[in-house]
Amino acid sequence: HEQGAAHAADGYARATGKTGVCIATSGPGATNLVTGIATAYMDSVPVVFITGNVNVDLIGRDSFQEADITGITMPITKNNYIVKDVSCLAETLRKAFAVAGEGRPGPVLVDIPKNVTSEKAEFVPNEPEDQNQRLMNHCVKNICGERINKLANMINESPKTFILCGGGVLKSSATDAVLTLAKLLKAPVGVTLMGIGGYPYSDPNFTGLVGMHGTKASNIAISECELFIALGSRFNDRVVGDINRFCKNAQIVQIDIDEAEINKNVKTNHYILGDIHQVLTRLLPLIKLPEESMKPREKWLERIESLKAPNDDTIIDEQCNITPKAIISSIYEHSPQNTIIVTDVGQHQLWAAKYYRYDKPRTFISSGGFGTMGYGTGAAIGSKLGRPEMTVIHIAGDGSFRMNCNELATVEHYNLPIITVVFNNRVLGMVRQWQTIFYEKRYSNTDLDRGPDFVKLAEAYGIKGYDIKTAGEFNKAFCEALQSKKPAVLNCHIGIDEKVTPMVAPGKPITDFILSD
């Protein structure tokens, strides 16, 4: 299905750092891509979408399977093109790839009418422009040295510094530079959902997610810090909560490659426009921390570390009913180091973000800004095809999984050893959580009291299915699936009222927890 194909190209791009490609036919084939294009656009994922269309002389006549796909996708692409002359096709495709990958990445669409696909033209070879090098040169040339000097001075004068890793850290390959900066400043580091993998979970400075489902350590650190440095984050509503009370005690610094994001959601005290890796490369040599500031920095870091939830190493009773934490903990324990976790959207997505430990970039693949249920199966396929040496675990909710579970046919056809773990609570879990907390348990349109039986569904596609109710059953089934090197679906029955914690109400200060660990 075209939506699955769009998500596969998206997952390929996120997992590899390369530009994904997706091809679809005209009319409904093209419009079926729209959700996948919007998903890539919201999360700044480079994908070139190529669609067919009716003959040039039939455009605008309501012809069979005609759609104005360039008009439809204009708000959700970096750029799009319709090629009406075959002699322009090659150069247009070169432009599409350059635009998709340069600056802030994103999707580009190229629409090719049917007659253009069958016409001939002289092909003039031309080396693709080295867009990464061109971008690098552009960034180095245009980054303002005075603004970097000012940030260095701000850092030198601020013992209580907090660093936020957004998705831009991964896109600029700046993970090592961020680690160096945090260690130098003795600063706590939090991540947005898109920033997961931008800073190693195992590092002592790491504090976890921020915002609505942020940890106590992260959210309190944000409220108490003197200098807040946001790296490649657009400050969306799930991160900042009450804008008027967000980070009220600190000077806010934003570093981003997209000028449109500067001061869009949160007013900053200082910003630097440029590639994060390049900015940090130039910033680090300028930091000269006063000796007298080191003890306050250490005390600040110790203060934030004391707020972290203790590691829970309690032995899980294998005969007890399975819990979300037990599932994720078992996946982490038994998976090899070279594992990519791909999620759909919902409670399971946040459990995967919270309980799994991501120490390497591009190992957490998920839809953030658009929150696309049904994203995971296609994205897992793309991730596995892009990085075949990696183990790919697809974590889904029963609501999300059923939306594009037809892609099991694709998984089986290519014999992709993707393990799908379904958190089956028989409801749309996150909506039920909100209805429980904010709407006095008035449950409406959240029950999934209907088929399919996911084990039988998997078997219908020729894939091994497991029905799981206890921790012991999960451990056995998961290890068996890993060893088989074949696709599998694990249907895990969890409690209907399992909740994602911690949680802050929308629009409230991020330190006002209504649910805590």
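Predicted model: local features only at pLDDT ≥ 70, side-chain atom pairs only at ≥ 80, totals over all residues.
View 1. Gly376, Thr377, Gly378, Ala379, Ala380, Ile381, Gly382, Ser383 and Lys384 are the buried residues of H17. The helix is thus described as mostly covered, with nine of its 11 residues buried. Among the elements that cover these buried residues are the helices H1 (2-16), H18 (398-401) and H19 (408-413), together with strands S11, S12 and S13.

View 2. Lys384 is buried but has no salt bridge. Glu389 is the nearest side chain of opposite charge, and lies 7.3 Å away; a salt bridge is counted within 4 Å. Leaving aside residues up to four places away in sequence, Lys384 touches Met390, Val392, Leu416, Pro417 and Ile418.

**View 3. The open sheet of six strands.** The strand order is S12-S11-S13-S14-S16-S15, with parallel pairing. Strands S12 (364-365) and S15 (464-468) are at the edges and each has a single partner strand, so one side of each lacks a neighbour in the sheet. Within the sheet, S11 (residues 339-343) pairs with S13 (residues 391-397) in the parallel sense, over five bridges. In this pairing, Ile340 stands opposite Val392 of S13. Helix H15 (residues 324-334) packs on the sheet and touches S11, S13, S14 (419-424) and S16 (488-493). The direction of H15 makes about 165 degrees with that of S14.

**View 4. The buried face of helix H10 (residues 175-185).** Thr175, Ala177, Val178, Leu181, Ala182 and Leu185 are buried in H10. Viewed down the helix axis, the buried residues fall within an arc of 160 degrees, so they line one face of H10. An α-helix has 3.6 residues a turn, so residues three or four places apart point the same way. Lys186 follows H10 and has a positive phi, near 55 degrees.

**View 5. Lys160 in the loop between helix H8 (145-156) and strand S5 (161-165).** Lys160 counts as partly exposed because its relative accessibility is 33%, and that class runs between 20% and 50%. The contacts of Lys160 are Glu224, Cys225, Glu226, Leu227 and Trp300, not counting residues up to four places away in sequence. Lys299 is 139 residues from Lys160 in sequence, while the two are 9.3 Å apart in space, C-alpha to C-alpha.

Conventions:
Residues numbered from 1 in each chain as written. Heavy atoms only, no water. Buried < 20%, exposed > 50% of the residue type's maximum accessible area, 1.4 Å probe, protein only. Helix = DSSP H or I, 4+ residues; strand = E, 2+ residues; numbered from the N terminus. Arc of directions from axis to C-beta. Lys, Arg positive; Asp, Glu negative; His and termini not counted. Contact = heavy atoms within 4.5 Å. Pairing = 2+ DSSP bridges. Axes fitted to C-alpha atoms, helices over the stretch in contact; angles between N-to-C directions.
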